[in-house]
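Student: I would like to learn how to read a model like this one. Can we take it feature by feature?

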Amino acid sequence: MRQLMYNQNFSTIIDEPISYWKTIEEVPITILEDIEKQIGNQILQDEKTKAFYCPNCTNPLDDHLFCTNCKQSYKSSTSYQPICLVNIEKIKEFKKSYDYLTFQVVDQEVLLYTFQVNVQYSNKLWMPYQNPRRLMDIQIKKVYHVLKNGLEILNDHSFLSYLSLEEEYDFTYFETNFYLYLDNLEELKKTTLYQYSFLWLQKDYFRRNGACLRGITYLPITFKTYEYLVKMKLYKLANSGADQITYSKNFEKTFDLSKNYYPFMKEYDLDYDEYEALQIYPTTNYELLQYIKRYQPTFYRIRLFVKPEQVLKYLKSQNLSEEYTYEYGDYLDVCLNLGFDLQDKKILFPSNFLEEHDKRFKEVSLINDKDLDKKIKAIAKTLKKYTYEDEKYMIIPASSLNSLVKESREQRNCVRIYAENIANQVCQIFFLRDKKWPNKSLVTIEVRKKKVVQARTKFNNLPSEELNMVLEKWEQTVLTQN
Ligand SMILES: [Zn+2]
């Protein structure tokens, strides 16, 4: 622990300021060497010719990635070869900044440094006919004191709380991946803040993917699931979704997935977006999963009606590209809105998608037509005098646009197109219903010039003899008499 400091009267404890590296000269040489290795050893590759060049002197490398000029091999010991794509003819215009992170443990307190590494090529210092040489400039950017609730920025005396970042959804900088110094991660074991994080088990992950501030501060010290995910070797999930997943008892309960998917999740090291896609539609087909991820909001909405591979196959059969998945999702939304039965294959996969899509969208715009609704309501008032009832049945006018839509949904008929006819006084629509179930449609009646011109039950069938008698009586005693 750090020593406590008292004020002059020895009455109040003042925290001793943490001593931290203020200049680059104070930074241990091992860290600077790692920066050189991680950032300096990215071999240059020409965008056009794809040939490799020495990152130090820009001479062409031989087949073994050896620079005969610098007498250095750039062959990576791991299978991962860091490459920097450049236009080698314009290498003197090359300028790039990299961010690099380092932990430091001081008296059990955790400090985190961000370094800015600027790289450029210049032959200013050498003879002009020589190859440009790499210049690297390293500066300490920020020094964070990592605390339970946020980051105290020591070199500009400010404080960033995790809560404020979360509330403002401003993790942009915090979610950018940077290089991370890996050789001192074990020191975090000794601190109470990180002892359960198991951050040090992820060296390979950080080496390949880099590390983001959020993933190495906020997530591991705030969420217990982080440790579980790291131990499960689900590294991307730990670094992207430890705050979204809550550990509960076992794999199935935690992920809401069968444990059969675990080997797949581990093999591809799924990130949180991929995991969400997997929840929408469990599959071990990685390509398919990527497709679901690209259209996640769409598949989330339509997941109960259709499988992603059916959508792909259908769009292909329609000669439409994958991007039409959006339109397809919208189409199903509209069909649902119009009360169509999505179990029906003809609705789900119409023979001409674009035509059907446009047709349904016209219908839905009709339903949302406020003026039309007003007209139908006004007309319904004048039709009230034709309301009828006997012991068993009742006949009422269509009272609103919505009542017409509801009727058509239940009857599966085309009464929707009558809406405009009603508004234009071409015809009137009435509903015949059983008094015991006044909200359930039974017969839809079209009236013109005080005569019943059409009466239809479900699926456009004709009404029964009993119902026809009621209609006849209504026509004779009410319709024609008023
Ligand atoms: Zn060289």
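Tutor: Start with burial. This is a predicted model, and buried residues make up 25% of the 482 residues in the protein chain.

Student: What radius of gyration does the protein chain have, and what would a compact globule of 482 residues have?

Tutor: The protein chain has 35 Å, whereas a compact globule of 482 residues would be near 23 Å. Along the principal axes, the C-alpha atoms fill a box of roughly 105 × 70 × 45 Å.

Student: Which domains does the assignment give?

Tutor: The domain assignment lists domain 1 (18-247), domain 2 (306-366) and domain 3 (372-479). Between domain 1 and domain 3, the C-alpha centres are 72 Å apart.

Student: How should I read confidence, and where is it lowest and highest in the protein chain?

Tutor: Where pLDDT is low, predicted coordinates should not be read in detail. Here the protein chain averages a pLDDT of 88, and 94% of the residues score at least 70. Strand β1 (residues 4-6) has the lowest confidence, at a mean of 52. Helix α8 (residues 262-267) has the highest, at 96.

Student: How many helices and strands are there?

Tutor: The secondary structure comes to 19 helices and 18 strands. As for contacts between residues at least 6 apart in sequence, 51% join residues at least 24 apart.

Student: Now a sheet. In what order do the 3 strands of the open sheet stand?

Tutor: Strands of a sheet pair through backbone hydrogen bonds, either parallel or antiparallel. In this case the order is β4-β3-β7, and the pairing is mixed. β4 (52-53) and β7 (83-86) stand at the edges, each with a single partner strand, so one side of each has no neighbour in the sheet.

Student: How many bridges join strand β3 to β7, and do they run parallel or antiparallel?

Tutor: Strand β3 (residues 43-46) and β7 run parallel, joined by 4 bridges. For a residue pair to find on screen, look at L44, which stands opposite C84 in β7.

Technical notes:
Residues are numbered from 1 along each chain as its sequence is written. This is a predicted model: local features need pLDDT of at least 70, side-chain atom pairs count only at pLDDT 80 or more; totals for chains, interfaces and linings use all residues. pLDDT is the predictor's confidence in each residue, from 0 to 100. Helices (H or I, at least four residues) and strands (E, at least two) are DSSP runs, numbered from the N terminus. The radius of gyration is taken over C-alpha atoms; the globule rule is 2.2 Å times the number of residues to the power 0.38. A residue is buried if 20 or more other C-beta atoms lie within 10 Å of its own, exposed if 12 or fewer, and partly exposed in between; C-beta atoms are placed from the backbone. Two residues are in contact if their C-beta atoms, placed from the backbone, lie within 7 Å. Two strands pair if DSSP finds at least two bridges between them. Domain bounds come from an automatic or database domain assignment.
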